[in-house]
Amino acid sequence: MTAIAAQHEIRRAYVGGGPGIIVSALVWAIAAYCVSQWGIRIGFIALFIGGMTIFPLAQLICRIVFARPAPSSGNPVAMLGLESTIAMIALLGATWLLLPFRPEAVFPLAAIAVGTHYFAFATLYGDRTYWVIAALLTAIGAVALFEPAVGTVAVVIAVALVELAAGLYLTAREHSRAAAL
């Protein structure tokens, strides 16, 4: 299987990655609610636990709603998403350790962790749209780190909105491409 064919298979199986990003946006929205109601610690717990549901829920949506087959077991790029996710989880774990000392930095660092993890998705899906998503989320986190007046809830909502817009765009684009075939 060529790299281009492998990327095409991944785009088809996961509807361009859009459903996963939409689920992630919902997790960030739930985290925003939790932060506003119960504080940064509970919000971060919601983000972390919710984050563990993103891939299984996205797979369910792709298989049931969009009737997409799973990628083949021999797909050479299939593990790239998992590999970048492991690095993201490690950074989120390190971020958790900052909670008692720099709570205002927790969500900006989480935005950077999630944003930088999307850079690898440009190769996974063969779609440079992921560079834009990664850059936007990383920038949101970086700006909030250096300008704490932005506020935690604003950071979390900004990430949720960027992901929701990106997820809807990618899903609609890939679904229309598949329908045209």
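The largest pocket has a volume of about 830 Å³, and among the 34 residues that line this pocket, those closest to its centre are I54, F55, T85, H117 and F121. The structure is a predicted model, and every value below is computed from it.

**Pocket lining**

- Helices α2, α3 (40–51), α4 (54–65), α5 (80–98), α6 (103–119) and α7 each supply at least two residues to the lining of the largest pocket.
- Among the contributors to this lining, α5 gives the most, with six residues.
- Sorted by class, the lining of the largest pocket consists of 26 nonpolar, seven polar and one charged residues.

- Leaving aside residues up to four places away in sequence, W28 touches L47, F107, A110, A111, V114, V156, V159, A160 and E163.
- One of these contacts, V159, is 131 residues from W28 along the chain, yet the C-alpha atoms of the two residues are separated by 7.0 Å.

**Salt bridges**

- Side chains of opposite charge can pair when their charged atoms come close.
- R102 and E104 form a salt bridge in which the closest N and O atoms are 2.5 Å apart; E104 is partly exposed, with a relative accessible area of 33%, and R102 is likewise partly exposed, at 37% relative accessibility.
- D127 and R173 meet through their side chains in a salt bridge, at 2.2 Å from N to O, and this pair links distant parts of the chain, since D127 sits in the loop between α7 (121–125) and α8 (129–146) while R173 belongs to helix α9 (residues 152–180), 46 residues apart.
- Both D127 and R173 are buried.
- E174 and R177 are joined by a side-chain salt bridge with an N to O distance of 3.7 Å, and because they are three residues apart in helix α9, about one helical turn separates them.

Definitions and conventions
Residues are numbered from 1 along each chain as its sequence is written. This is a predicted model: local features need pLDDT of at least 70, side-chain atom pairs count only at pLDDT 80 or more; totals for chains, interfaces and linings use all residues. Side-chain values use heavy atoms; hydrogens and water are left out. Contact means heavy atoms within 4.5 Å. A salt bridge is a side-chain nitrogen of Lys or Arg within 4 Å of a carboxyl oxygen of Asp or Glu. Buried means under 20% relative accessible area, exposed over 50%, partly exposed in between (1.4 Å probe, protein chains only). Helices (H or I, at least four residues) and strands (E, at least two) are DSSP runs, numbered from the N terminus. On a 1 Å grid over the protein atoms alone, a cavity is a set of points where a 1.4 Å probe fits but cannot get out, and a pocket is an open set with protein on both sides within 12 Å along at least five of seven lines; lining residues have an atom within 4 Å of a point. Grid points are joined across faces, edges and corners, and a volume is the space filled by probe spheres set on the points. Ala, Val, Leu, Ile, Met, Phe, Trp, Tyr, Cys and Pro count as nonpolar, Asp, Glu, Lys and Arg as charged, and the others, Gly among them, as polar.
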